[in-house]
Amino acid sequence: MTATNRRQVLGMLGVSAAAMVPLAAAPAEAQTVYKENDIDVYPAAAFGAVGNGTTDDAAALQRAIDAAAAAGGGTVHLRVGKRFLLGSPLRLKSGVTLQSDRNRATLALSAGYSQGHVIDADQAKVVALRNLAIVCEQQPSLTRAVHLSGCSDVVIDNVHLEGVNQGTYDGPSGVASTALLRLTDCHRARVSGCSFTQAYVGLNVNGNSTHITIDDNDFHDVTQFGAHVLGNNASHTEYLTVTRNRLERIGGKPGQVGYPIYITCGGNDAKAHKHRFVRISDNHVIGNKLAYGKGGNADLLAVYDIFDGIFERNSLFFGGDAGLSTDRCRKLVISGNITAHCNTVGINVWQSNDVTVVGNIVYNNHQNYDGKLSDEPRGGIRTYARKDFKAENVVITGNRCFDDQAIKTQDYGIFIHSRTRGVDIGPNTLTGNKDGMFRTGSTEDITYSFTILRDAPPTEGYWEKGMIVQNRAPAAGQPFGWVCTVAGKPGTWLPLPGPAA
C-alpha cells in the first residue's frame, strides 16, 4: 500500500496523517516508536483510544481496525501497559493485526457488558492478535473471549486470556458451552506463547479445521478442558499439532471431570468423523491427585477418534484416571512418553487398532486416589475394549514399566484385556510390579518375542500359561529352561529337556 492511498483512507475517516506519529514525549521504553514511513501501522491513540481503564475505547479501536482493513491491511498498535475498556465487542478484519509490545496492553470489559464475546472475526484472512491481555472478569453474558470462524492464516501470539469460568458440558456430543478461545472451521492457525486461566475451557477447536498448531502455551486453573479439539458426524480436524504446552490444575470440583488435553469426535457413534494426521509431543501435564469423578482429572492426554497419530515425549503425572489413553483410533505411534502416579494405568490402548507402543517409561500407577474405578487388574501399559469392541494389532516393545514404591500399587508392567487380539509383546523391562511382569486375559493371537533368563523357575509373581523362562547357564543334566503349564502366582512350571550328561 502507498503512503498516498493510506492518507486518502485516513482522510475519509477524519484522521490526519500527522496524527499517526506518536508524540516524542512518550517514554521510549513504554512504546514502539513509529517513523513517518511506517505506513502500515495504526496507533490506537490516533483514533481516539485513551487506554485509561475508565473510558470506553471500543469505538475508537474499531475505527482503527476499519481503517487498516480499508487500506488493505496493517497493524493496530495499542500502547504497552495501557488498559483499554470495552463496552462492546471488536470485529477483526482481513489483513489486520491487533497488537501491543511484548509486555502487553490490556483489554478489559465495562461494568454490565452484555455481549457474548470480546473479539470475533468471520471469514477473515491473514489476521493476528499479539501481545495482549484479555481480561473477562467472569462477565455472565460471555460464552467466549475470542471466536474466529472460517478464518485462515491466523496468528495468536503472547496473548493472556482469563475469566470465562461458567459453562456446561454435554457428554454424548462432547460440546462445551464456553471457551476463552474458540476456532471454528479455521485453516493455518497458530496459537503460541499464550496463557489460559480462570476458565471453563481454555482453547476449543471445532468444525472442519486444518493445519492447526497449538504450541508453547500455559493452561491452568481451568474447570473442564485445557485444550479441546472436537468433531462430530460432519466435522473433524486435519494436520493438528499440539506441542510444548504446560497444563496443570485442570478440574477440581467434585463431580466434575477435567481433561487437560481432550481430542474427540464425540462418542461411540460409528458415523462420527475421525481427526487425521495428529502430532502431540513434548507437553507437560500435571494432574491434581484427585480421583476421577471426585474433582480430579480423567485421562491427562485423551486422544480419541484419531487416524494417523504420533504421541511422543509427553510427561504425564498424577492423573485421576489414565496418563495417556486412546479410544476408537487407528494407526498410532505412542513413543518416548513418561507417565507416572496416575489413578489407574500409565498408558491405555482402549479399543484402538494398529498401534505401536515403544520406548515409554511408565511407573508407580494405580494410585487409587480415594476413588477406585473397578477391581480389575491395572498395568503400567494396558490394552482394553468395551463389549463388542476389540483392541487389535498392537505392538508393545522397548518400554520400561516398574514400581519402586515401598508399598507397591502398579499391578503389572503390561496387562492385556480379554477383548484384545493380535498383540506382539516384544522385549520390555518390567520390574518391581506388585503382582508380576505381565498378564493377559486374551488367548487370541498373543505373541511374545522376548527372552526371560533365570537361574531357576519363578517362585513369585503372576505368569501366563505357555510362557518360557530360559536357564541362564544350563549345564549337563540341567534343563534348558522351564515352561508354565498352569497360569498363576507363580504358576506351575515344567522343565524343558537340557543337554545330555
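In which sense do strand 43 and strand 44 pair, and over how many bridges? In this predicted model, strand 43, which covers residues 481–486, pairs with strand 44 in the antiparallel sense, and five bridges join the two.

Opposite Trp493 of strand 44 stands Cys484.

## Strand 18 and its partners

Strand 18, residues 218–230, is mostly covered, with ten of its 13 residues buried. Strand 16 (residues 195–206) pairs with strand 18 in the parallel sense over eight bridges, and within this part of the structure Ala199 has Val222 of strand 18 as its bridge partner.

Strand 18 also pairs in the parallel sense with strand 20 (residues 246–250), here over four bridges, and Phe219 stands opposite Leu247 in strand 20. A further parallel pairing, over five bridges, links strand 18 to strand 21 (residues 259–264), where Ile263 is the residue that Val229 stands opposite.

## Helix 2

After the helix comes Gly72, which has a positive phi, near 100 degrees.

In soluble globular proteins, nonpolar side chains tend to be buried together. The largest nonpolar core of this model contains 104 residues, and Leu78, Leu98, Ile119 and Ile134 are those with the most contacts inside it. Helix 2 supplies the largest share of this core, namely seven residues.

Ile134, one of the residues with the most contacts inside the core, is in contact with Leu107, Val118, Ile119, Ala145, Val146, Val159, His160, Leu161 and Glu162, when its neighbours within four places in sequence are left aside. There is also a second, separate core of eleven residues, among them Ala176, Phe225, Tyr262 and Ala298.

Notes. Residues numbered from 1 in each chain as written. Predicted model: local features only at pLDDT ≥ 70, side-chain atom pairs only at ≥ 80, totals over all residues. Heavy atoms only, no water. Pairing = 2+ DSSP bridges. Core = buried A, V, L, I, M, F, W, Y, C linked by side-chain atoms within 4.5 Å. Buried < 20%, exposed > 50% of the residue type's maximum accessible area, 1.4 Å probe, protein only. Contact = heavy atoms within 4.5 Å.
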